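Work through each task before you read its solution.

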Number of protein chains: 2
Amino acid sequence: MRSDLVAAVRRFNRTVTQRVGALDDEYMASGRPLAQARLLWEIGPDGAEVAALRARLGLDSGYLSRLLRTLEGDGLVTVGPAERTGGDARVRVAALTAAGRAEWAELDGRSDEFAWSILAPLTGQRREQLVTAMAEVERLLVASMVVVRPCPPSDPRARACLRAYARDIGRRFDDGFDPALSKPVHDEELVPPAGVFLLATLNSEPVGCGAVKLHPDAPAEIKRVWVADTVRGLGIGRRILGDLERYAATRGWTTVRLDTNRSLTEAIAMYHSAGYREIEPYNSEHFAHHWFEKQLPPAPG
Amino acid sequence: MRSDLVAAVRRFNRTVTQRVGALDDEYMASGRPLAQARLLWEIGPDGAEVAALRARLGLDSGYLSRLLRTLEGDGLVTVGPAERTGGDARVRVAALTAAGRAEWAELDGRSDEFAWSILAPLTGQRREQLVTAMAEVERLLVASMVVVRPCPPSDPRARACLRAYARDIGRRFDDGFDPALSKPVHDEELVPPAGVFLLATLNSEPVGCGAVKLHPDAPAEIKRVWVADTVRGLGIGRRILGDLERYAATRGWTTVRLDTNRSLTEAIAMYHSAGYREIEPYNSEHFAHHWFEKQLPPAPG
DNA sequence: TCATTTAACTGACTTTAGTCAGGTATCCAG
DNA sequence: CTGGATACCTGACTAAAGTCAGTTAAATGA
């Protein structure tokens, strides 16, 4: 069973990523070394901060500097201080010159050409099928590339998630969301051993979160489960929830609880299907309409 | 329309081939340079001829030799004369030593591990969806990687196709197929300007063929359209047929004909859907039950 | 304000990948 | 049985890719 699935993925990796990937590189490198072409491509018509390029391409800082000097020497790129006023004066921004934009457009055209060379031999119907299947693979691979990790709630990415969470529910609750009326959650409550905050990231960008408070002598309480709408419907919420439950279970808690608002219908559906059952209110949270509870299976090991 | 499709393929290329492909390489290279690891992998537990490795990996002959010497030096590989008696004494075969097999198994394990790392974060249902979509992408990409090219009918790959064609129809015709009873087709008839033989290849392996005879003062005649069963159902036959028609049309023929056997039901369906209509017998081919004709649109240009 | 960290950079270096021009033994067609 | 092709090999080389230690200037935190 598992081995069948693994074999299928390996076949795919072999034929698709190796072969198509190699061809893609070949198209990309037009007389210019691949690393330079890729860098030029990543800078793009809008420019990019050097640090962002380093992260996206996964390059050594020194190596990247040298590549930038080469492209500058060829008159394709200028590297200057960031323009945003009040920014960090150490940060530098790479931007394309007119010649650089021309070469970028050339790469863009080649990339189009390569994509079309894949579609061209197929009949119209098969083209549609291929594109549909590609979109499906991509969607599910994105789901599998999301990483869920504990993270201090004070981390800027955690903060961004919590802000997005508040904005989202404010938009969805019938009567809006006013943090002043809700029971506050303090950072210390979401730091071990009092609890934990989990951050979900996609290519190190925050795309979701969730937290659990381990109340002494009371059921653990799940809070702040949120998933960015760009990655909704991929099972990320369920993964976060499961990880939070496991966290509580391995520390000896046997019950978790949570409250939620009636507007959050998918969340409610998820809680039901994850084995939660509705209970009487266990708190007086202003924005809660439903309260749920789940018995945790004892932690293995 | 076209640009939507192209954009979708490009998105796929970016996320899938770049990201998954890069990770795959990383898993593959375990302390050893990627080229060596790939070569070791390709040799495999059963060994492989040096020429086959060169073709599969697309390496320079000298470079491959050097890589083999390195692996030999590390005690992972032995390169010796081919064992098949009566073979070409120049041909050499690379085989893994015990240590080589151990390292191969290590790579195999890593490859499994990587494949599983993609599937593991998904729920069972999404795993199935991903594997299904991957298989679909792979299938259609194979279709798009098939190349149809003119080829002399004396080429060994053309010969292999014609043998496979005879074997196939021998198996399918109710009363078998005896070439002696069929009208022979001579090589000269399938070489320009008398006609053409098209070979379909996938990674340079022959997977299909077709030919057209340009009879002076008579309709062109299509012969020997065959597709390997490994790539059937992907529209290869239709592509070959279309290319043959275009070949005849650009040389001034306005009509093509062909005959076929009643057992070849998919072929008959293809001819119908490609615009052929059934006509009275125009020859006395022993194995023919149906005769078809198509008016060719004038060649553009 | 002063030690520490950080972003970007420079210089010196190694490894990997790949190319190209021969060379040797074998095969094959005429 | 000879001349040319072929399979694999060696030597000499280059370019690309990447690593690492250390520098500078700005930011940060106590």
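**Exercise 1: a bend in a helix**

Find where H1(B) is kinked and by how much.

Solution. H1(B) has a kink of about 30°, centred on B:Asn13; the bend at a residue is the angle between axes fitted to the seven residues ending there and the seven starting there. Next, take the span: this helix covers residues 2-28 of chain B, 27 residues in total, and reaches 36 Å from first to last C-alpha, close to the expected 39 Å. That expected span is 1.5 Å times one less than the number of residues. Helices here are DSSP runs of H or I with at least four residues, numbered from the N terminus.

This is a predicted model, where local features need pLDDT of at least 70 and side-chain atom pairs pLDDT 80 or more, while totals for chains, interfaces and linings use all residues. Residues are numbered from 1 along each chain, chains are lettered from A and ligands numbered from 1 in the order written, and side-chain values use heavy atoms without hydrogens or water.

**Exercise 2: contacts with DNA**

Solution. Start with A:Arg69, which has a polar side-chain atom 3.1 Å from a phosphate oxygen.

**Exercise 3: the main contributor**

Which helix gives the most residues to the surface near DNA strand C?

Solution. H4(A) does, with five residues.

Terms used:
Helix = DSSP H or I, 4+ residues; strand = E, 2+ residues; numbered from the N terminus. Polar contact = N/O pair within 3.5 Å; in protein donor to acceptor, adjacent residues only side chain to side chain.
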